[in-house]
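Please load the model in your viewer, with the sequence alongside, and follow the stops below in order.

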Amino acid sequence: MAEAIEFDAIVVGSGMSGGMSAKELCERGLKVAVLERGPEIVPERDYSDQLAPWESRNFDNVSQQEIEQHYFRQYPGVSYAVKESNKHFWVKDDEHPYEEVEGTSYDWLRGYHTAGRSIMWSRQTYRLGPLDFEENLREGVAIDWPVRYQDIAPWYEKVETFVGVAGSEEGLSQLPDSVFQPAFELTGAEKAFKQRVENAFPSRNVINARIAHLTDATEEQRSLGRSNCQARNRCHHGCAFRAYFSSLNATLPAAERTGNLTMVHNAIVQSLEYEPETNRVTGVRVIDAETNEARTYTSKIVFLNASAIASAMILLQSASERFPNGLANGSDQVGRNLMDHVSGAGAAGIMRGFDDRKVFGRRPSGGIYIPRYANITENDKPFTRGFGYQGGARPVGHANGQIPGIGREFKESHRRPGPWRVSIGAFGEQLPNPDNRVTLHPTRRDRWGNPLALFEVRYSRNEEIMLEEARKDAIAMLEAAGCEQISSGPVNLTKPGNRIHEMGSARMGRDPADSVLNGWCQAHDVPNLFITDGAFMVSSACQNPSLTYMAFSARAAHYAADLLAEGTL
Amino acid sequence: MKTRRELLRDLIVSVGGLTALTACGDAPVLVATAGGGPGRFYSSGEMELVSRLSDLIIPRTETPGALDVNVPGYMDGLMTDWASEETGNAHRQALREIERRLSARGDFLELDDVEAVRALTALDSAAFGEQAAELGGYRSFKSYVTRAYFATEGGAREELQWVAVPGRWDPDVLVTDRQGA
């Protein structure tokens, strides 16, 4: 018989948003269980950031046979991040399969373990701006956000102060400044690119990328064992210095030190228990990933932070007589409007004049960012919404040996940085579409008995046109910057899901008839259920979304704690 | 008098016997390179060719060369443990083509240094010039050699002056400064 274990709050998922939910709930004095479906990550054992290049064989590449057998979706999706020494951060596709509707494809790129994908993320960190919360209403797209920028701004500030974001103050309305630590200085070629592009295109800005790395650690951050970035750029392997933000480096230790946190690993959620008499979720049924033992955890409130896809699936798996289409799914919006960002357009070129310069240190992420200008400062676009560019300028180097010559001269040419290459790539907004969805596969189940995810996601013509324009703009900016040998392949849209910015599958809104959550990330249909991963997003904007997930998580956690204190829940 | 091939074997033994290479941690996998024997992937003849080419492409200077850090052993491990059968076959085919072209006027492995450099320079020039399409296999081979060299401690630390923990980011350093990172 399943054992019931009682908590004030259960948080499902320990990643980016789950960690923040747990921290805030624990700091409010609630006894919190975090249910993580994967195994525990122990940094001293599982991080590989301190390996020198010569301590990994085969260039740290996963063998081609192993990719074919175990990583046939993960590796093609993020080959830049999946290495032999960190492959345990990524799921094995043969053990965690999913399906796509014929004629569609989806990249579901995952890590099942403590802190989820917050260990492997690329750390670009931006606020949404006022416009992002208003465009749906202005354009009649989907539904209106029930929240405006000023509602979430204080929570951005709170979260950023804790997380640590390196960046520069710019005063841009479409990309509000965060609470910043010092930015990683631009390279000379990046500064020249910025000056030339901004001169040629006064409606555009080239700014420092904003990244979640400590450059001036606060006392609070140091108290959690975190220290400044050491410019090693080994972040996809973990960080012994805890310099980049992850749940494991920051929020979970903060939750732990309250004494209120119980971490449970290998707990795969099967469903939420719903009590129709009280209209409350009363518990979470899990199956142990290793032993297949069934357990139930009970609590007063439940936060779903399993990821936009997994949280939607948990609701769909929790159908009952009251909710035959899935828990809290009276609107039939659960699983719908699945969004990501779209890339696959950009350009690169050589910038002369810097051949006598090189860098010291390995900047961990970012470089330059070009905030969205389309339909903000430039309104002549054949598409709606817009895109930002991420990029940078660095010496080409010759590490692959792809220059002519042999002998001493060839060997020593590697000491010289070579010409500098500028590259920029677009991240575009994907419009919400109720037909883009994840559902439960009607017949196939995983080894623990849960239905497989079935994806049906297609880009709209707007995304296709947008990326074509992004390519043209990228080339024009490189030309304006004086770049040579500009290259830009044909637009090749990334697969939906490939940017790993899953969102929208349980959107918030004012009307229970067309939304799953209210403006506090609280389920319209079930008041003690909150969802604060990317599922709540009503539109995707074009900024990397993790910071927004965390700000809404913190806000929802305090709201839920207030309701509990009032006796409302 | 020793033949060029015998001298090469001696060189391999002198700089890269199994025990020494394993001890310095540079060679994740190296089997039977010493004495001209086969590797796990490479035949004896292929190992000799890879060794000679690696030595010519990245010779010993004031810093270690490709043989000093056992690039052939690294590549033997790469082809054994990383490469698929398809990749391995393509690599083997590339080696055959490289040897065929270099041996147009006699066994390449028997050429003295001057002649060998001349032959390989011509091939390299063609591969990055007018015969780029036909000589993709050579460029791929050269890429493996170069990447393998800089993936070793000698290549990374001594030649590139790679620093494990830079501790800071400086975006603007004069190239005349030999400082690595």
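**A tour of two chains**

Begin by selecting strands β2 (residues 32–35) and β7 (residues 261–264) of chain A, which pair in the parallel sense over four bridges; strands here are DSSP runs of E with at least two residues, helices are runs of H or I with at least four, both numbered from the N terminus, and two strands pair if DSSP finds at least two bridges between them. This is a predicted model, in which local features need pLDDT of at least 70 and side-chain atom pairs count only at pLDDT 80 or more, while totals for chains, interfaces and linings use all residues. Residues are numbered from 1 along each chain as its sequence is written, and chains are lettered from A and ligands numbered from 1 in the order in which they are written.

Within this pair, A:V32 has A:L261 of β7(A) as its bridge partner. Turn to the side chains of β2(A): A:V32 and A:V34 point one way, A:A33 and A:L35 the other, and all are buried, a term that requires 20 or more other C-beta atoms, placed from the backbone, within 10 Å of the residue's own.

Next select A:R242, in the loop between α8 (219–223) and α9 (247–256) of chain A. Is this residue, A:R242, buried or exposed? A:R242 counts as buried because 21 other C-beta atoms lie within 10 Å. Leaving aside residues up to four places away in sequence, A:R242 touches A:G225, A:R226, A:S227 and A:N249, where contact means C-beta atoms, placed from the backbone, within 7 Å.

Select helix α3 (residues 44–57) of chain B, where twelve of the 14 residues are buried, including B:M47, B:L53 and B:I57.

Finally, display both chains: 49 residues of chain B are in contact with 40 residues of chain A. On the side of chain B that touches chain A, α7(B) gives the most, with seven residues. The strand pairing between the chains joins β13 (residues 357–360) of chain A and β1(B) in the antiparallel sense over three bridges, and there the bridge partner of A:R357 is B:L174.

Notes:
Two residues are in contact if their C-beta atoms, placed from the backbone, lie within 7 Å.
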